[in-house]
Amino acid sequence: MTDAETRPNVARMYDYYLGGCHNFAADRAAAEEILKIFPDTSVAAQTNRAFLRRAVRWAAERGVRQFLDVGAGLPTQGNVHEVVRAVDPDARVVYVDHDEVAVAYARRLLPTDGRTVVLRGDLRRPDEWLADPTLRATIDLAEPVALLLVAVLHFVPDGDDPWAAVARLRDATAPGSLLALSHLTLDGAPPLPARAGTEVYRRSSAPLVPRTHADVARFLDGYDLVEPGLVRLADWRPDGEPRAAVSHGYGGVGVRR
Ligand SMILES: C[S@@+](CC[C@H](N)C(=O)[O-])C[C@H]1O[C@@H](n2cnc3c(N)ncnc32)[C@H](O)[C@@H]1O
């Protein structure tokens, strides 16, 4: 077995929480440890996906036709291109992830229609992939883009300055572009289980870095937040879908000034 299969991987652990089948024994064992500590993790993952769908649909209905989904993960139900194409069949979607397994699955499972592109790239180093010719052929950065950073920034430690990376992406997009983000928080969570949970992720492919509301809000510098602001995921423009009893994340959408 390769290291990629024996080390728990955050993309595949998330796939397991969502009931997917693209995961290995090491991912399932680590995910089960998390589920023992936080039994509602699967519901929280579904809540995050539901936020992603609502934010993407809102952006598409507002007229945005280009989507840049960074930290896109493994294809699952309600993928961004499916939600977007229900509004505009010609909309363009570029998926970016740094995980080679997630990228390989996505390339195998997603349509090869020229309007859906999968790139390997690291959120921490946008300049390495922003100039990629495939990205540039798919998305016109001079026109508004919806940048999606959903459940990914909490895998980037403060030492890697994720705020600078997000600012670089903001500056690469046109005024009127959107940023939709969700981010894990442990605001209000009991400290001991929180520590046990982050310990499990310390052994995985990426450490988990929950952040406070104030630190998550800084990612939206240079954006005007749309209503209802940066709120618990289930509270962002709920549309009547079943709501999780507990949401461990903040979500929000901003419009670039
Ligand atoms: C929890 S999944 C979220 C997937 C999807 N965005 C969603 O919310 O349903 C996190 C994804 O972020 C990816 N990721 C973590 N750190 C990253 C980085 N520095 N650059 C790009 N992708 C990253 C992981 O590989 C994983 O696929």
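# Salt bridges in a predicted model

Guide: Asp215 counts as partly exposed, at 26% relative accessibility. A note before we go on: this model is predicted.

Visitor: Which residue does Asp215 form a salt bridge with?

Guide: Arg218. Their closest N and O atoms are 3.4 Å apart.

Visitor: And Arg218, how is it classed, buried or exposed or partly exposed?

Guide: Partly exposed. The relative accessible area of Arg218 is 41%. That falls in between because buried means under 20% and exposed means over 50%.

Visitor: Okay, zooming out. How many salt bridges are there?

Guide: The count comes to 16.

Visitor: Show me another. What does Asp239 meet in a salt bridge?

Guide: The side chain of Arg57, at 3.3 Å from N to O. This pair links distant parts of the chain, 182 residues apart. Asp239 is in the loop between β7 and β8, while Arg57 is in helix α4.

Visitor: What are their relative accessible areas?

Guide: Asp239 has 39%. Arg57 has 28%. Asp239 is partly exposed, and Arg57 is partly exposed too.

Visitor: New topic. Which residues are linked in a network of salt bridges?

Guide: Asp122, Arg124, Arg125, Glu128 and Asp160. Take Arg124 and Asp160: their closest N and O atoms are 3.2 Å apart.

Visitor: Where do Arg124 and Asp160 sit in the chain?

Guide: In loops, 36 residues apart. Arg124 is in the loop between β3 and α7. Asp160 is in the loop between β4 and α8.

Visitor: Last one. How accessible are Arg124 and Asp160?

Guide: Arg124 is at 32% relative accessibility, so partly exposed. Asp160 has a relative accessible area of 35% and is partly exposed.

Note on methods: Residues numbered from 1 in each chain as written. Predicted model: local features only at pLDDT ≥ 70, side-chain atom pairs only at ≥ 80, totals over all residues. Heavy atoms only, no water. Salt bridge = Lys/Arg side-chain N within 4 Å of Asp/Glu carboxyl O. Helix = DSSP H or I, 4+ residues; strand = E, 2+ residues; numbered from the N terminus. Buried < 20%, exposed > 50% of the residue type's maximum accessible area, 1.4 Å probe, protein only.
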